[in-house]
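Subject: Handing over the structure, with notes on what was found

Dear colleague,

I am passing on the structure below, and I would be grateful if you could read these notes with it open beside you. They begin with the strands and then move to the helices and a few individual residues.

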Amino acid sequence: MSIMSNAKRALAIAAASATLFSMAACGSSNAAGSKSDSSSAASSGKIEVVASINQWGSVAKDLGGSNVEVTNIMTKTNVEAHDYEPTSQDVAKFGTAKVAVVNGADYDPWATKAAQSTKATLVTAAETAGIREGDNPHVWFSAKVRSNTADAITAAYQKADPSHKDDYAKLNKDWHAKEDQLESKIKGTSSKTENLPYAATESVAWYLADDLKMTDATPKGYAQASANESEPTPADIKDFQDTLKVGSIKMLVFNSQEANSTTDQITGAAKDANVPIVELTEQMPKQYTNLLDWMSALVDQFAAAVK
């Protein structure tokens, strides 16, 4: 799991705070533009929603349908939310939203900070399942968190727009029907993956692997270094390579968003040992516009990688 260092986290929060202060003190053309956008949303009768990352934004859109206008701050896989520094335009979007959806668990502290300084109803995905700072923050991979967050978003919509309460209830039911289908696929796939020992270059997809009842066999030294966002020692890397060689690891999960010389050594060892590799990113790739579709495709990848 890649967790943002204290220094990067402090910089991100400071950036959000400074931007909020400057906008409150003197205003800006960007802020004015956002107010115009907000007025447009209001005149159309739509709830203005802002989401820190596109995977949660897709859920917000599905649950609101034509009654909401959703803006995603992060939409690309070449930047991690851990390290993201918000612009004044980003913060302005939180300032005009009625509902804000953030990940939490210290994954996007800049977004939490920006949203808390506004009147928007805040939905924090991690908190819906009691996941806090220091825990694995990649919670969209968890079926429980997805379900709980969907219900929290629906409640926020019904509070902001009670006249369409029944619409939101129906959209919530429709969304859960799709999530149930995904969970059925996960359950079916787990008959192949249960107790399967896997290792990961980062514990990004840990929740999904756990839902698939897999066993995390990532060598301890490497796993601890990754969790602490420190460089694994040469001994840690060799231990990982040797474990792959002897065949005790049956699948490698590789976060290509964090590829480097160290992961090259690990994936190289997996290929030499004919260990299947599931490649993924922590941000939702551009070919997907829906979190559930992305998760379903990943489940298919895990199933296909089982020998």
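In what follows, a residue is called buried when its relative accessible area is under 20%, exposed when it is over 50%, and partly exposed in between, as calculated with a 1.4 Å probe on protein chains only. Please keep in mind that this is a predicted model, in which local features need pLDDT of at least 70 and side-chain atom pairs count only at pLDDT 80 or more, whereas totals for chains, interfaces and linings use all residues. Residues are numbered from 1 along each chain as its sequence is written, and side-chain values use heavy atoms, with hydrogens and water left out. Helices (H or I, at least four residues) and strands (E, at least two) are DSSP runs, numbered from the N terminus.

Strands are said to pair if DSSP finds at least two bridges between them, and β1 pairs in the parallel sense with strand β2 (residues 68-74) over six bridges, with Ala51 standing opposite Asn72 in β2. β1 also pairs with β3, again in the parallel sense, over three bridges, and here Val50 has Ala100 of β3 as its bridge partner. β3 in turn pairs with strand β4 (residues 121-124) in the parallel sense over four bridges, where the bridge partner of Val99 is Thr121 of β4. In β3, Val99 and Val101 point one way while Ala100 and Val102 point the other way, and all are buried.

The four-stranded sheet

An open sheet of four strands runs in the order β6-β5-β7-β8, with parallel pairing. Its edge strands are β6 (215-216) and β8 (277-280), each of which pairs on one side only. Strand β5 (residues 197-200) is joined to β6 in the parallel sense over two bridges, and Tyr198 has Asp216 of β6 as its bridge partner.

Two helices lie across β7 (251-255) and β8 in this sheet: helix α11 (residues 261-272), which runs at about 150° to β7, and helix α12 (residues 291-305), which runs at about 165° to β8. For these angles, axes are lines fitted to C-alpha atoms, for helices over the stretch in contact, and the values run from 0 to 180 degrees between N-to-C directions. Contact itself means heavy atoms within 4.5 Å.

Helices α6 and α7

The axes of helix α6 (residues 143-160) and helix α7 (residues 165-193) come within 10 Å and cross at roughly 175°. The two helices are therefore roughly antiparallel to each other, a label for angles over 145 degrees, whereas those under 35 count as roughly parallel, 65 to 115 as roughly perpendicular and the rest as oblique. Among the residues making the contact are Arg146, Ala150 and Tyr157 of α6 and Tyr168, Trp175 and Leu182 of α7.

α7 has 29 residues and reaches 40 Å from its first C-alpha to its last, close to the 42 Å expected, where the expected span is 1.5 Å times one less than the number of residues. Its buried residues include Asn172, Trp175, Glu179 and Ile186, and what covers the buried residues of α7 includes β1 (47-53), α3, α6, α8 (206-211) and α12.

Individual residues

Val59 lies in helix α3 (residues 54-64) and, at 1% relative accessibility, counts as buried. Leaving aside neighbours within four places in sequence, Val59 is in contact with Ala150, Ile153, Trp175 and Leu291. Its C-alpha atom is separated by 8.6 Å from that of Arg146, which is 87 residues apart along the chain.

Most residues other than glycine have a negative phi. Ala105, in the loop between β3 (99-102) and α5 (109-116), has a positive phi of about 60° although it is not a glycine, and Ala105 is buried, with a relative accessible area of 12%. Asn274, in the loop between α11 and β8, also has a positive phi, near 60°, but Asn274 is exposed, with a relative accessible area of 55%. Just after α7, Asn195 takes a positive phi of about 65°.

With kind regards
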